[in-house]
Amino acid sequence: MSDAINLGPYKRSMDDDSVVYIEHHEGSAMELGYLCMGLAGETGELVDVFKKAVRNGHDDFPRDLRNLTPEILNEMGDVMWYFFQLLRFMDVELEDILDMNMAKLQRRHKAGTIADLRRK
Ligand SMILES: [Mg+2]
């Protein structure tokens with residue numbers, strides 16, 4: 001995973017005029033609901049690809065999963081689109097979430113919570 005990602009082009013592409021529904025409901029609960037449903041829907045599509053890989057590739061699972069990489073990446077991209085739209089809606093930067101999450105994981109690690117879960 002790259003440490004330096006230029007998110008500028010991706011964020012600018014999200015301002016595309018083709019997102020009519022968002023434009024008509026910008027800043028409203030309707031927009032938030034639309035984005036949450038979109039994120040859940042695309043996450044479901046991603047999980048469905050994995051489900052089918054498990055179901056159909058039982059005998060040679062890792063190889064079958066690699067064959068599905070383009071489809072998996074496509075669905076991960078769809079999930080990312082809704083995730084970044086939620087960042088825009090909330091006026092939050094990705095770095096802020098990553099910092100918060102890292103701090104939470106470090107607190108859990110220090111408290112032994114993660115280690116305790118592994119022993120159970
Ligand atoms: Mg999709």
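I began with burial: 3% of the 120 residues in the protein chain are buried. A residue is buried if 20 or more other C-beta atoms lie within 10 Å of its own, exposed if 12 or fewer, and partly exposed in between, with C-beta atoms placed from the backbone. I note that this is a predicted model, where local features need pLDDT of at least 70, side-chain atom pairs count only at pLDDT 80 or more, and totals for chains, interfaces and linings use all residues. Residues are numbered from 1 along each chain as its sequence is written.

**Entry: the overall plan**

I looked up the helices and strands. The protein chain has 7 helices and 0 strands. Its pattern along the sequence reads α-α-α-α-α-α-α. Both kinds of element are DSSP runs numbered from the N terminus: helices are H or I with at least four residues, strands are E with at least two.

Next I checked contacts. Of the contacts with a separation of 6 or more, 64% join residues 24 or more positions apart. Two residues are in contact if their C-beta atoms, placed from the backbone, lie within 7 Å.

**Entry: α3 against α5**

How do the axes of α3 and α5 cross? Helix α3 covers residues 29-56 and helix α5 covers residues 69-90; their axes come within 9 Å and cross at roughly 160°. That makes α3 roughly antiparallel to α5. The axes are lines fitted to C-alpha atoms, for helices over the stretch in contact, and angles run from 0 to 180 degrees between N-to-C directions. Angles under 35 degrees count as roughly parallel, over 145 as roughly antiparallel, 65 to 115 as roughly perpendicular and the rest as oblique.

I then listed who makes the contact. From α3 the residues include Leu32, Leu35, Gly38 and Leu39. From α5 they include Ile72, Met76, Val79 and Tyr82. The residues of this contact divide into 12 nonpolar, 3 polar and 6 charged. Here Ala, Val, Leu, Ile, Met, Phe, Trp, Tyr, Cys and Pro count as nonpolar, Asp, Glu, Lys and Arg as charged, and the others, Gly among them, as polar.

I picked Met37, which is found in helix α3. Met37 counts as exposed because it has 11 C-beta neighbours inside 10 Å. Its C-alpha is 9.1 Å from that of Tyr82, 45 residues apart along the chain.

Phe50 is found in helix α3 too. Is Phe50 exposed or partly exposed? It has 13 other C-beta atoms within 10 Å, so it is partly exposed.

I compared helix lengths with expectation. The 22 residues of α5 reach 31 Å from first C-alpha to last, close to the 32 Å expected at 1.5 Å a residue. The expected span is 1.5 Å times one less than the number of residues.

Just after α5 comes Asp91, with a positive phi of about 55°, although Asp91 is not a glycine. I found Asp91 in the loop between α5 and α6. With 6 C-beta neighbours inside 10 Å, Asp91 counts as exposed.

Helix α6 has 0 buried residues among its 18, so I wrote it down as hardly covered. Gly112 follows α6, and its phi is positive, near 80°.

Last, I looked at Asp15, in the loop between α1 and α2. Its C-alpha lies 9.7 Å from that of Gln85, 70 residues apart along the chain.
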